[in-house]
Each structure stands twice: as C-alpha cells, then as structure tokens.
Amino acid sequence: MAATYDFPSDLLAGQEELHQVRAELLALLKRLPWSVEPLDGFTDDTGWRKVERPASPGWTEDEQREVEKLRRRERELAVFVSCHRFWAEVTTEDTVDARMRLKHVHHVHEEPSPET
C-alpha cells in the first residue's frame, strides 16, 4: 500500500505557487525572442543537425525585468519547498516518494471538468 502524507497547508500552497510561477515563466520565455540582446539571424549546417535562427530584436527592459522577477520568485519558492520543516519528519527512505507525491498532489485534487 502506498504511503500517504499529511502535507502542511503552507507547503501545499508553496508547491502550487511554484507550479504556477514555472508555467508563467515558461509561457513568457516561449513568447520572447530567442536572444536577450539584439542579434542577427544565422544558419549553421556544419553540425549533426541544421540550426537556424531568425534575427532577434532582443528583449525590452520590461521583458527582462519580468523574466528576472519570475526567476527570483521561482528560486524563493524552490528553497521554501525543499527546506520546509515538514521534510525533517519524513524518513530518509520515504523522502523521494513524499517529494514526488507533493509535486503531483494538485493532479489528485483536480476536479474533472463537467461534460457538456
């Protein structure tokens, strides 16, 4: 039988916010140009696969600030979650299992969407 863990509410909230911040950061990075600084495009077909990049206008100062803000918050949350006092209560043998369950606890609690 799989173990269950009584995660504290602040740890659950921290993990959920970490998921949200990472998703927001990933979505932002996908929208931004490939280079932070303005760079010319290039094609390189000398390697094992061809690499092509269009010219990049670079990121605006606002975009750079937003990325840094999200990365800073992601680091804060990762430290909060990984160093939470709860982990001292978990046996060494159960740490990996508990951590994986915490990472996926939001999948268990999601309600199925009503079918129309």
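Analyst: Let's start with a term: a residue is buried under 20% relative accessible area, exposed over 50%, and partly exposed in between (1.4 Å probe, protein chains only). The model here is predicted, so local features need pLDDT of at least 70 and side-chain atom pairs count only at pLDDT 80 or more, while totals for chains, interfaces and linings use all residues. Residues are numbered from 1 along each chain as its sequence is written, and side-chain values use heavy atoms, with hydrogens and water left out.

User: How should I class Leu39: buried, partly exposed or exposed?

Analyst: Leu39 has a relative accessible area of 42%, so it is partly exposed. Leu39 sits in the loop between α1 (9-31) and β1 (42-44). Helices (H or I, at least four residues) and strands (E, at least two) are DSSP runs, numbered from the N terminus.

User: Which residues make a nonpolar surface patch?

Analyst: Trp34, Leu39 and Phe42 make one of about 260 Å². Patch residues have over 30% relative accessible area and no salt bridge; nonpolar side chains (Val, Leu, Ile, Met, Phe, Trp, Tyr) are joined within 5 Å, and like charges within 9 Å. The areas come from the Shrake-Rupley method with a 1.4 Å probe, and for residues only the protein chains shown count as cover.

User: How many salt bridges are there?

Analyst: First the idea: side chains of opposite charge can pair when their charged atoms come close. The rule asks for a side-chain nitrogen of Lys or Arg within 4 Å of a carboxyl oxygen of Asp or Glu. By that rule, the count is eleven salt bridges.

User: What is the partner of Glu17, and how far apart are the closest N and O atoms?

Analyst: Arg73 is the partner, with the closest N and O atoms 2.9 Å apart. This pair links distant parts of the chain, since Glu17 is in helix α1 and Arg73 in helix α2 (residues 61-82), 56 residues apart. Glu17 is partly exposed at 28% relative accessibility, and Arg73 is also partly exposed, at 30%. Together with Glu76, Glu17 and Arg73 are linked in a network of salt bridges.

User: Which residue pairs with Glu74?

Analyst: Arg22 does, with 2.8 Å between the closest N and O atoms. Here too distant parts of the chain are linked: Glu74 is in helix α2 and Arg22 in helix α1, 52 residues apart. At 38% relative accessibility, Arg22 is partly exposed.

User: Where do Glu61 and Arg65 lie?

Analyst: Both are in helix α2, four residues apart, about one turn of the helix.
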